Amino acid sequence: MLSEVVWRIGGEQGQGLDPTSDVFATVCNRMGYWVYAYKTFSSRIKGGHTDFTVRVSQERRASPAPRVHLLVAMDQESIDLLAKDLVEDGILLADSGFKPQAPAGVTMITADLTAMARELGNPVYRNMIAVGASAQVLGIPLEPFKEYVQEKFGRKGEAVVQGNWAALERGAEIARQQLGDRGFRLGKPDGKSDRLLLTGNEAMTLGALAAGCRAVFAYPITPASEVLETAAKIFPRYGGVAVQMEDELAALGAVIGAGFAGARAMTCTSGPGISLMQELMGLAGMTEIPCVIIDTQRAGPSTGMPTKHEQSDLLALIHGGHGEAPRIVLAPGTGEQAFYDAALAFNLADNYHCPVIIASDLGLALWQQTVEPLDVSKIVIDRGPIVDQAELEHIGRDGFERYADSETGVSPRSLPGMRNGQYLATGAEHGRTGKVTENPANRVRMMDRRARKLQRLQLNGQDIPGLLYNGPAAPEVLLISFGSTFGAVEEGAGILRSEGMSVGLCQMRVLNPLPAEDLTHLVTSARQTIVIENNSTGQLAYLMRANRVPYENVRSLLKYDGTLFRGDEVAARVREMVGAAPAARV
Amino acid sequence: MATATYTPADYKTPEESWWCPGCGDFGVLAALQKALYELTLPPENVAIVAGIGCSGKIGNYINSYNVHVTHGRTMPVALGLKLANRELTVIAAGGDGDGYAIGMGHFMHALRRNADITYIVMDNQIYGLTKGQTSPTSAHGFETKSTPAGNIEHNVRPLQLAIAGGATFVAQGFSSNQKQLVEILKAAIRHKGFSLVNTQSPCVTFNKVNTYAWFKQKLVDIEKLDGYDPTSRIAALKLLAEHDELVTGIVYQEAQPTFEEQLPGFRQQGIVNQDWTIPPAEFQRVLATFR
C-alpha cells in the first residue's frame with residue numbers, strides 16, 4: 001500500500017489534457033485524498049509541450065512531486081522528456097497511434113485510444129479511457145469516477161453517461177489485460193470528502209467576496225487573470241462588478257476611486273503590473289484610501305518568464321515607488337490562508353487606510369490543492385473608523401478633519417453622501433482637513449502620523465500574527481519561508497525530522513510590517529537559520545537584516561530557475577548546508 | 001426626502017484661489033459651481049476627481065467630495081467611484097495635458113464605456129504649471145520652452161476623437177461665456193452617460209497666442225447656426241472639421257445605455273449602500289462548485 005501516488009499526463013498544448021487532469025484531480029479530492037495538481041506550460045496558445053501532474057496523497061502535500069508512478073503520454077516528446085521521472089517500477093501508458101518508443105526497462109501499456117473512442121461513439125472519450133486505465137494502474141476504484149460522470153454529464157442524457165462509463169471500463173480493462181496483477185495500490189483516504197479543490201486565485205477571490213468586496217478592476221496578466229475571471233463569473237450574482245480595464249494604472253485607479261467612495265474593491269496583477277501601479281500606490285498611501293492588491297509573482301524582471309514561478313517582488317511591494325508611505329504586505333502560503341487572507345486584507349485596508357498587498361506567487365495562484373472546508377462565519381466585515389453622521393452634523397460645514405492627528409496614525413474618514421463630510425483627498429501633502437500645504441512642521445507631523453500606522457498590526461485589539469512557528473523551542477535548524485514555498489519546506493522538514501534532525505519551521509504571514517521581534521527570538525533560539533526563497537538575491541533575508549534581526553547564523557537557500565522547490569530537494573539542500581556549516585558558536 | 005435649499009455659497013470652499021489673475025479656470029470654476037447650484041445637487045452627493053496641473057486645483061474650491069489624483073488618471077478613478085456608488089454625481093476635471101497626453105489612453109476607453117460621468121477639460125494649449133511647454137492641443141508651429149523652433153507635431157482634435165471614440169455627449173464651452181458654459185455643464189451633468197465638455201480656458205501667463213481676444217474672434221456659437229442637428233454624428237464631424245473645432249455649444253448628443261445599465265446584475269442602489277453579507281448557506285452553495 002502506498003501513501004501517495006503521482007499521475008502525470010503529457011502532450012501538446014491544446015490537446016485537451018486539462019479536462020482529463022481535472023477529472024482525475026476532482027474525483028480523487030472527492031474521495032477524500034489530498035490532491036495537489038500542477039502543470040508545465042508556456043506562453044503560447046496551441047502547440048508546445050505541456051504536462052499535468054496530480055499528486056494524490058493520504059496527507060497534505062502542496063509542492064511538486066519528486067517522482068511519478070504513472071505517465072500517460074499523448075506524444076513521443078512526453079515520453080522523451082518525462083519517462084526519466086518515473087519511479088523504479090513506474091508505468092507508462094501511451095497512445096499507440098503515435099507508435100510510442102519506451103526507454104529500456106520501462107513497462108508500457110499501449111492502446112489505440114483514438115480508435116477505441118471512436119468505437120465507443122465519440123473521439124472525446126479518449127481522455128476518459130486514459131482515466132479508466134490510470135485508476136486501474138494506481139489501484140483507485142472506478143466507482144467514484146462513474147459517480148462524477150453521472151453528476152457532470154447527467155443532464156446531457158443517458159447516452160453520454162453510458163458512453164463515458166464504457167470508456168472508463170474500457171480503460172481499466174486494457175490496464176488489467178496488459179499488466180495483470182502489476183500496478184500500484186494506494187491506501188485508503190481518511191474519509192473526509194467535504195474538502196474543496198481550489199487554486200489560490202480562486203480562494204482569494206472567494207475570500208474577497210465573503211469580505212464584502214464587490215468590485216474587481218484588473219488588466220489580464222499571467223498568472224493573475226483567474227481572479228478577474230472568477231469574479232466576473234460570481235460577483236454579478238451579488239450586485240458586484242468585475243471590469244477589465246485598459247491597463248494596470250487604470251485598474252488600480254478604479255480601485256482607489258471605489259475605495260474613496262467606500263466600497264471594497266481590489267485588483268490583481270503580476271510583476272509588470274506592480275511596476276506600473278507604484279505611483280498610484282503612493283496616491284493611496286498619501287490620500288489614505290483603502291485598497292487591496294493581489295500580486296501574483298512570476299519570474300521577472302521585464303517580461304521575464306511569464307509562466308514561471310518566482311518570489312522576487314518583495315522589495316517592490318514594500319519599498320517600490322517614490323517617496324515613503326506605509327503598505328501592508330500579507331503572505332498566504334496555502335489555499336486556506338489565501339481565502340482568509342483576502343478577507344483579512346479588506347479589514348486591514350479599512351482599518352489602516354493604506355494599500356494592502358497580498359504577496360501571492362505563481363505556485364500558490366495557479367495550482368489546485370485540497371483545501372479544508374472554508375468557514376465563512378469566521379469572516380467578519382470590520383469597516384474601521386468612519387465618522388458618524390451625528391458628529392458631522394455637530395461639526396458643521398468645513399470643520400471635518402479627515403486627516404486629524406491620532407495616536408494610532410489612523411483618523412476616521414467620511415464617505416461621499418455623508419453631509420458635512422466633504423473633504424479633499426489629495427496626493428499633494430496636506431493638513432488636517434486635506435487642504436494642500438508645504439509647511440515643514442505639518443509635513444513632519446503628517447509623515448510621522450502615516451508611518452505610525454504600521455507600528456502594530458491589530459484588528460479589534462487582537463494582534464495579527466506576523467509568522468507561524470512549529471517545532472522545538474531551540475531547534476538545530478530553523479527554516480524560514482513564505483508563500484507557496486512553504487509547502488515544499490514543510491514537506492522537506494518532515495523528511496529531515498524523520499531522519500532525526502531537530503528542525504523548526506517558520507512561515508512568514510506578514511512581510512510588512514515585518515515581525516522583527518518574533519524573528520529575532522526564533523533566530524537567536526536556533527543554532528542556525530536558513531531562509532528559503534525563490535529569488536536570486538535573498539530578499540526576505542535582506543528585509544530581516546534591514547529590520548535588525550541578527551544575521552550571523554542566517555544563510556539563504558535560493559532557487560530562481562522558474563520552478564518551485566520540491567520537498568525532497570529542500571531536504572537534500574538543507575542537509576548539505578547543515579553538514580557544511582561551521583561549528584556552532586558557543 | 002426633505003428638499004434642501006442651497007445657496008451659491010454652499011458650493012464654495014473657504015480656500016483662496018491660487019490661479020493667476022485672469023486665468024480661464026476661474027470662469028470654468030464659477031460656471032461649474034453655478035451649474036451644481038442650479039441643479040440643486042446636494043454638495044455631499046457630488047464627487048469631483050481632478051487631475052494634475054493648474055486646472056486640477058478646481059476641486060480645492062468646490063464644496064464637494066474631492067479626489068485629486070495622479071497625473072492623467074482621472075478617468076479610471078472616476079469610473080471606480082461611480083461604480084462604487086452610482087447614486088453620486090461624478091465629475092472629472094483636468095487640463096489638456098492631463099487628459100490628452102498622459103491620460104489619453106484612459107480617455108479613449110472612458111468614451112467607449114459610456115459610464116455616467118461628466119468630464120471637463122480645461123484646455124489652454126500649454127503646460128502652465130510646469131511653466132510653458134507644448135501641449136497636445138498646441139498648434140503646429142507653436143513656440144514654447146520645449147519647442148523653441150516651433151511645435152512640429154500636429155494638435156490633437158479632442159472633439160472629433162471623442163465622437164469617433166463613441167462619446168454620447170460632446171460639447172465645448174469658453175470660460176468667458178458664462179451663460180452658455182453653465183447651460184452646457186447642466187446638460188452634460190444631466191446627460192445619462194459619458195459627457196465631454198472641452199472648455200477653452202486661456203492661460204494668461206504662458207500662452208500669448210490663444211488669448212481671450214483670439215478665441216472671441218475665432219469661436220463660432222453653434223446655437224447661431226441654422227438647422228444644426230446635434231444628434232447627427234456626420235453633421236457633428238463635418239462641423240468640427242469645417243471650423244477646426246473652434247465652436248462652442250453642444251456638438252453631439254445621443255441616447256445610449258450607460259455602462260452601469262449594461263453591467264449584469266448591477267443594482268440601482270450604490271454598492272456602498274448595499275448589505276454585503278452573504279448568508280453562510282448561500283456561500284456554501286458557491287463553494288460547492290469548487291469540489
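Is α1(A) mostly covered or mostly uncovered? It is mostly covered, with 12 of its 15 residues buried (20 or more other C-beta atoms within 10 Å of a residue's own, C-beta atoms being placed from the backbone). Among them are L17(A), F24(A), C28(A) and M31(A).

A word on the basis: this is a predicted model, in which local features need pLDDT of at least 70, side-chain atom pairs count only at pLDDT 80 or more, and totals for chains, interfaces and linings use all residues. Residues are numbered from 1 along each chain as its sequence is written, while chains are lettered from A and ligands numbered from 1 in the order in which they are written. The predictor gives the complex an ipTM of 0.98 and a pTM of 0.97.

Helix α1 of chain A covers residues 17-31; helices here are DSSP runs (H or I, at least four residues) and strands are too (E, at least two), numbered from the N terminus. At 1.5 Å times one less than its number of residues, α1(A) should span 21 Å, and its end C-alpha atoms are 22 Å apart, which agrees. Just after α1(A), G32(A) takes a positive phi of about 105°.

Now turn to strand β21 of chain A, residues 503-508: six of its six residues are buried, so the strand is largely enclosed by the rest of the structure. V503(A), L505(A) and Q507(A) point one way, and G504(A), C506(A) and M508(A) the other.

What pairs with β21(A) in the antiparallel sense? Strand β19 of chain A does, over four bridges (pairing takes at least two DSSP bridges), and L468(A) stands opposite Q507(A). Strand β20 of chain A pairs with β21(A) in the parallel sense over five bridges, with L478(A) partnering G504(A).
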